[in-house]
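Please walk through this chain from its helices to its strands.

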Amino acid sequence: MEWDFFWLVIILLLSFVEVATVNLVTVWFIASALVSLLLAFLNVNFIVQFAVFVILGIILLLTTRNYLVGLLNKNKQRTNLDRVVGMEGVVTEKITKHNPGEVKVDGKKWTAVASKTISEGKVVRIKEIEGVKLIVEEE
């Protein structure tokens, strides 16, 4: 019964961290700490308790985190900015490696950058948005 208090403190600390960050990392270790607390009630050796805490926490993290994050992000609304990622656009002002150009996509003109020169009139695909600039590549 001497390690019960230790596991309760760990559970409370990890719960506080999870609530403060909402990164879905410590929640798995909270679950493994609960199992370790149960083992402490059963007077299992502390080394076994700690091993279960670490191993079970890592296994839960690696096997279920991506699934849960996917479920939580499934209903996430895309903004207007996110919407253009993956779309095609037309270069309206030449883009060079060191100078941004301009791309018209979805009826709007955007500043765009690329890793190589793309001349006016070429069709590009929007790869991502960095700040207020589109990252594009030629189709």
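A residue is called buried when its relative accessible area is under 20%, exposed when it is over 50%, and partly exposed in between, using a 1.4 Å probe and protein chains only. The model is predicted: local features need pLDDT of at least 70 and side-chain atom pairs count only at pLDDT 80 or more, while totals for chains, interfaces and linings use all residues. Residues are numbered from 1 along each chain as its sequence is written, and side-chain values use heavy atoms, with hydrogens and water left out.

Helices (H or I, at least four residues) and strands (E, at least two) are DSSP runs, numbered from the N terminus. V9 is found in helix 1. V9 counts as partly exposed because its relative accessible area is 31%. The C-alpha atoms of V9 and V105 are separated by 54 Å, and the two residues lie 96 residues apart along the chain.

Helix 1 covers residues 4-21 and also holds E18. E18 is buried yet has no salt bridge, and R65, the nearest side chain of opposite charge, is 7.7 Å away. A salt bridge here needs a side-chain nitrogen of Lys or Arg within 4 Å of a carboxyl oxygen of Asp or Glu. For charge, Lys and Arg count as positive and Asp and Glu as negative, with His and the chain ends not counted. Leaving aside residues up to four places away in sequence, E18 touches N23, L24, V25, T26, V27 and I30, where contact means heavy atoms within 4.5 Å.

T26 and I30 are among the buried residues of helix 2, which also include W28, F29 and L37. The expected span of a helix is 1.5 Å times one less than its number of residues. The 16 residues of helix 2 (residues 26-41) should therefore span 22 Å, and its end C-alpha atoms are 22 Å apart, which agrees. Just after helix 2, N43 takes a positive phi of about 60 degrees.

The strands follow. Two strands pair if DSSP finds at least two bridges between them. Strand 1 (residues 88-93) pairs with strand 2 in the antiparallel sense over 3 bridges, and V91 has V103 as its bridge partner in strand 2. Strand 2 (residues 101-105) has a covered face of G101, V103 and V105, and an uncovered one of E102 and K104. Strand 2 also pairs with strand 3 (residues 108-113), antiparallel over 5 bridges, with V105 opposite K108. In their hairpin, which has 2 residues between the strands, D106 takes a positive phi near 55 degrees.
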